[in-house]
Amino acid sequence: MRVYVEVALRGFRRHATYRSAAVAGAFTNTMFGFIRAYVLIALWQARPQLGGYDVVDAVTFAFLTQTLIAPVAVFGAPLELGERVRTGDVAMDLQRPADFQGWWLAADLGRALFALGFRGVVPLAAGALAFRLDLPTEPHVWLAFAVSTLLAVVVSFALRYLVALSAFWLLDDRGVHAIAGIAAMFFSGLLLPLVAFPGWLGAFARALPWAAIIQVPADVFLGEHTGAGLAGALGFQAAWAVILLALGRLVTAAAAGKVVVHGG
Amino acid sequence: MRAVDRISFRIDSGEVVGYIGPNGAGKSTTVKMLTGILTPSAGHIRVAGLNPVRQRVALARRIGVVFGQRTGLWWDLPLTDSFELLRHLHRIPSARYRENLELFTELLDLGAFLHIPVRQLSLGQRMRGDLTAALLHDPRIVYLDEPTIGLDVVSKAAVRSFLAEINRERGTTVLLTTHDLDDIERLCGRVMVIAGGRLVYDGSVDGLRGRVNAERTLVVDLAAPAPRLDLPAEPPGARVIRVDGPRQWVAFPATASAAPLITAITARHEVVDISLREPDIDEVVRRLYLGGLRSSAAAASSVGDPSGTDDPSETGGRSATSAK
């Protein structure tokens with residue numbers, strides 16, 4: 001187990017070496033936070049109580065999700081794994097006496113922690129200074145939000161892991177990655193909160209794994225879920241995490257036979 | 001498609017074995033099967049008493065692997081970060097880890113760049129880092145897939161002397177894949193040649209020279225340009241293969257003595273200088289590769305004859321006696 005902690009630590013540290021990228025990312029995320037906040041303000045002024053949110057909820061949603069973008073890697077942060085499959089470097093990873101998927105998960109959790117701590121807090125802090133936000137006041141909501149964010153990162157990892165593994169068959173995961181990125185942006189609720197999606201489209205979108213990476217942690221933060229509803233929301237995330245990780249393990253086993261194709 | 005076919009060998013503990021073959025011959029495929037990351041479609045492999053595929057994790061603790069064109073090091077982090085992680089991965093006792101790192105730092109001269117991020121290292125430095133990474137956990141067997149590829153002569157020498165030292169001091173078994181035949185000549189007691197997915201030679205390096213009908217070459221510098229040298233009847237097969245102004249090249253069977261030839265030439269011509277070239281191992285291997293690729297069983301023709309080098313009937317199939 002210790003080795004995975006060490007891997008996560010290195011995942012954190014390697015991203016910490018790119019400080020200017022983190023600063024630029026925090027700045028961009030914050031700017032878009034303001035843009036999205038004003039768009040959502042316009043929408044909620046036209047349609048008050050849309051999806052059960054009020055204007056303050058909507059503005060909070062805008063800044064909070066800007067905070068989550070980097071940790072849950074909505075726009076990608078493709079796993080280096082895809083590139084290593086493409087170049088054949090994955091042979092080095094496959095021969096390590098450690099769990100292959102666990103290794104990459106640990107590295108990604110380290111990355112996410114850095115992204116949250118050094119990049120993610122900025123948009124939320126800036127939003128709280130400029131607007132009145134609906135921040136949780138009770139400690140247990142913060143705790144639930146922490147758990148929900150962790151599960152969101154795991155679901156996001158499990159999806160990106162599958163994308164990266166596609167390189168074993170497609171020789172290159174960049175096309176799949178682009179498609180997965182668009183799906184994630186739309187179905188995660190980042191473009192528009194999933195609560196605002198009408199009828200069957202809303203129900204459909206809220207059942208997909210992408211809901212688990214943005215919409216669910218945001219709703220937990222906003223206190224939309226309480227009691228059994230909260231347990232259900234976290235359970236929904238955990239279920240997708242388990243399903244997608246298990247799928248990833250199956251695909252890993254199938255991919256192992258394809259190693260020979262890449263890099264001789 | 002078969003990457004490798006009917007390859008069979010046994011390597012004893014403590015051996016240093018060269019594994020050579022042209023690009024695409026199946027060298028890396030063999031190494032990947034030996035590490036357990038590739039499953040052979042048929043056949044039987046045991047490494048250190050283990051089944052590589054089924055006992056891959058247990059085996060990974062007993063072997064070290066270097067893929068010369070790949071790296072297992074953390075690109076953005078200092079070299080020591082990768083080493084520390086390996087200490088945890090292989091659960092190397094602290095004292096042993098320190099001892100090994102100290103030794104490797106000395107032998108491979110790592111001191112100057114241990115704390116520099118891997119992405120800033122030169123290829124030679126990175127390779128020395130990868131070698132250390134492969135050996136920190138005292139593996140019994142180490143596979144080195146082109147460990148000297150792209151390295152300058154100084155780095156190559158450092159890698160070679162390191163491997164020789166590790167083999168001598170620790171008895172580590174080494175399987176070395178390379179295109180650099182200097183690696184083979186300096187390190188390996190035994191060499192296996194694979195071509196077209198088949199093992200076409202397995203034996204000593206000297207035996208490899210004798211495997212094809214090798215020739216040595218005399219380079220004769222005359223006082224002035226002259227027509228082709230008048231050669232004696234002894235040794236048979238001696239002939240001028242090239243003339244360039246006052247310089248002429250005389251090929252003769254590697255098994256024959258050069259002495260009578262030199263005596264005869266110097267007696268008949270005004271000679272300024274003479275030098276002797278041993279059969280070039282690259283040429284010998286090239287012939288084996290061609291032979292293996294074409295799977296032809298015809299007899300070998302002579303080495304060094306420019307007119308005959310592309311003859312498809314060439315092969316390393318002849319088991320001649322020692323060349324020297």
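## Two positive phi values in chain B

Ala48(B) belongs to the loop that runs between α1 (27–35) and α2 (56–60) of chain B. The model is predicted. In it, the phi angle of Ala48(B) is near 50°, a positive value in a residue other than glycine. Ala48(B) has a relative accessibility of 23%, so this residue counts as partly exposed: buried would need a value under 20%, and exposed a value over 50%.

Asp138(B) also has a phi near 50°, again a positive value in a residue other than glycine. With a relative accessible area of 29%, Asp138(B) is partly exposed.

## Domains of chain B

The domain assignment divides chain B into domain 1, covering 16–203, and domain 2, covering 215–277. The C-alpha centres of domain 1 of chain B and domain 2 of chain B are 45 Å apart.

Ile149(B) sits in the loop between β3 and α6 (153–170) of chain B. Its relative accessible area is 30%, and Ile149(B) is therefore partly exposed. Once neighbours within four places in sequence are left aside, the contacts of Ile149(B) are Gly68(B), Gln69(B) and Leu123(B). The C-alpha atom of Ile149(B) is 7.7 Å from that of Thr178(B), a residue 29 residues away along the chain.

Gly203(B) is part of strand β6 (residues 198–203) of chain B. Gly203(B) counts as buried because its relative accessibility is 17%, and the limit for that class is under 20%. Apart from neighbours within four places in sequence, Gly203(B) touches Gly189(B), Arg190(B) and Val191(B). For Gly203(B) and Arg190(B), the C-alpha distance is 5.4 Å across a sequence separation of 13 residues.

## The sheet β8-β9-β7-β10 of chain B

An open sheet in chain B is formed by four strands in the order β8-β9-β7-β10, with antiparallel pairing. Its edge strands, each pairing on one side only, are β8 (239–244) and β10 (271–277) of chain B. From one strand to the next the twist averages 20°.

Strand β8(B) is joined by five bridges to β9 (residues 247–253) of chain B, and the two run antiparallel. Asp244(B) has Arg247(B) in β9(B) as its bridge partner. Strand β7 (residues 215–222) of chain B contains Asp221(B), which counts as buried because its relative accessibility is 17%. Beyond four places in sequence, Asp221(B) is in contact with Pro246(B), Arg247(B), Val271(B), Val272(B) and Asp273(B).

## Charges over rings in chain B

The charged end of Arg242(B) is placed over the ring of Trp249(B), at 4.1 Å from the ring centre. Arg87(B) lies over the face of Tyr97(B), and here the distance to the ring centre is 5.5 Å.

## Aromatic pairs in chain A

Over all chains, 20 aromatic pairs are counted. One of them joins Phe114(A) and Phe118(A): the ring centres are 5.0 Å apart and the planes are at 15°, so the pair is stacked, planes under 30 degrees apart being the condition for that class. Phe114(A) and Phe118(A) are four residues apart, about one turn, in helix α6 (residues 100–130) of chain A. Phe114(A) is buried because its relative accessible area is 8%, whereas Phe118(A), at 53% relative accessibility, counts as exposed.

Phe187(A) and Trp210(A) form another stacked aromatic pair, with 6.0 Å from centre to centre and 25° between the planes. This pair links distant parts of the chain, 23 residues apart: Phe187(A) is in helix α9 (residues 174–187) of chain A, and Trp210(A) is in the loop between α10 (199–207) and α11 (215–221) of chain A. Both Phe187(A) and Trp210(A) are buried. The two residues also belong to a cluster linked by ring pairs, made up of Phe186(A), Phe187(A), Phe197(A), Phe204(A) and Trp210(A).

Notes
Residues are numbered from 1 along each chain as its sequence is written. Chains are lettered from A and ligands numbered from 1 in the order in which they are written. This is a predicted model: local features need pLDDT of at least 70, side-chain atom pairs count only at pLDDT 80 or more; totals for chains, interfaces and linings use all residues. Side-chain values use heavy atoms; hydrogens and water are left out. Domain bounds come from an automatic or database domain assignment. Buried means under 20% relative accessible area, exposed over 50%, partly exposed in between (1.4 Å probe, protein chains only). Contact means heavy atoms within 4.5 Å. Two strands pair if DSSP finds at least two bridges between them. Axes are lines fitted to C-alpha atoms, for helices over the stretch in contact, and angles run from 0 to 180 degrees between N-to-C directions. Rings of Phe, Tyr and Trp (its six-membered ring) pair if their centres lie within 6.5 Å; planes under 30 degrees apart count as stacked, over 60 as edge-to-face and the rest as tilted. A charge sits over a ring if NZ of Lys or CZ of Arg is within 6 Å of the ring centre and within 35 degrees of the ring normal.
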